[in-house]
Amino acid sequence: MSSSNNEDSGSNVSAVNGIEQEPQLVELPSTSQQEVAGIVINNLVDDNNPGSSSNSRIEDTSEPLAEIPNVDEASLHAIALGENDTLNNRLTAALLCGVCVHLRRTRMYVCQLGHLICAPCFKEILIDSQIYEVTPKCSKCQANISMPIRNIAVENAISELPNNCRYCNEKISHNLLNDHERYECDGYPANCKYSRIGCQWIGERQQSSYHEGCCVFLAKTANEIIGALESLEAKADQEKNVFNSLIVLLSCDKLVFTDLQMRSYCIENETFYVTKFFPAFGKLWMIRAKINNDATSFCYQLVLRSIILSPLKVEFVALKGPYSNAKIAPRIYKYDFMPNNSESIYYDLPLTDFNGSVHLLANPVITIRIIMFLLND
């Protein structure tokens, strides 16, 4: 199940002075979702057959690529006034998603009147319509979009627009960007070739030859290398235990996975990220995250927004979202939600590299996938 909510739909989250307010506790209508063997399934639409209903998740089957940054307000204003008439800027303004005003490297849909909606925003609209039992509508014209139409021509046009490489800042068309970053860019992060014997160096590809020529591991004794290898083995065992635990949890009777967009807001000089409501196990939930004191890492909490009369024992894990470049190490957390305690404590969102955290912080919207397991007997 993929979910995230649309800004203009009938959500209980309201915007006051540009800041989303905390929603009130509500009970999820029992007809807004289906549970099959404990798995919550949203009624989405089949991409290959728009006229038929399906339980499949809308996703981009192409190789995930870097996303174009937002178009800044000044550029959009200049385009609107006719002051910025370059072809690239005019195309960029015409191809923005009508909901989030992003230029997306994802599937693009159109309503009956031709307004563009990117896949993440389309999922937000769908989940809102299910929660509040209303017909999904275009936020621009209120046309029914329960049977969306994919616009491949727009996707192809977006793929031809130039984009700056995130490592060397060279302008390259998007359809060539992924290969450039992985195989050609001198600034792409590279590991030392002696990482197999314990070297933890990560740097730009153009610096790897120099580092490897003077790597300190070349001068280490056999005992020192054995110690480094033991540390690597312990780390690998820890990761293996996490994955084994995930395999066991995947056999749980009741599980839900949900794709969410976290949007930022500030309170008293502190930055928070929140999602909108999403359904799981017949209740409404949300995710709240904040930046740690080191300004490069995150922590997050799971919040129950529905009223409960008995405890709920939940295990959950946050992963990289389908439209995100962030690398998140899976870490399973467990929390018992009580009638008088509906918010978990803050847990680390373990990002695996510094560059990933910087890029994540630079985005106004963070996409994650949350997997939840209900352990109640």
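Helix H5 spans residues 174-184. Its buried residues are His174, Leu177, Asn178, His180 and Glu181. These residues cover an arc of only 165° around the axis, so they lie on the same side of H5. An α-helix has 3.6 residues a turn, so residues three or four places apart point the same way. The face of H5 turned away from the buried side carries Leu176, Tyr183 and Glu184, which are exposed.

Residues 152-160 form H4, which lies across S7, S8 and S9. Helix H4 runs at about 140° to S7.

The sheet itself is open and has three strands, in the order S8-S7-S9. Their pairing is antiparallel. Strand S8 (116-118) and strand S9 (149-150) stand at the edges. Each has a single partner strand, so one side of each is left without a neighbour in the sheet. Strand S7 (residues 108-110) is joined to S9 by two bridges. Here valine 110 stands opposite isoleucine 149 of S9. Helix H3 (residues 119-131) also packs on the sheet, where it touches S7 and S8. The direction of H3 makes about 90° with that of S8.

Confidence was examined along the chain. The mean pLDDT of the protein chain is 75, and 73% of its residues reach 70 or more. Over residues 1-72, however, the pLDDT is below 50. This stretch has 206 contacts in the model beyond near neighbours in sequence. Where pLDDT is low, the predicted coordinates should not be read in detail.

Terms used:
Residues numbered from 1 in each chain as written. Predicted model: local features only at pLDDT ≥ 70, side-chain atom pairs only at ≥ 80, totals over all residues. Heavy atoms only, no water. Pairing = 2+ DSSP bridges. Helix = DSSP H or I, 4+ residues; strand = E, 2+ residues; numbered from the N terminus. Contact = heavy atoms within 4.5 Å. Axes fitted to C-alpha atoms, helices over the stretch in contact; angles between N-to-C directions. pLDDT = per-residue confidence, 0-100. Buried < 20%, exposed > 50% of the residue type's maximum accessible area, 1.4 Å probe, protein only. Arc of directions from axis to C-beta.
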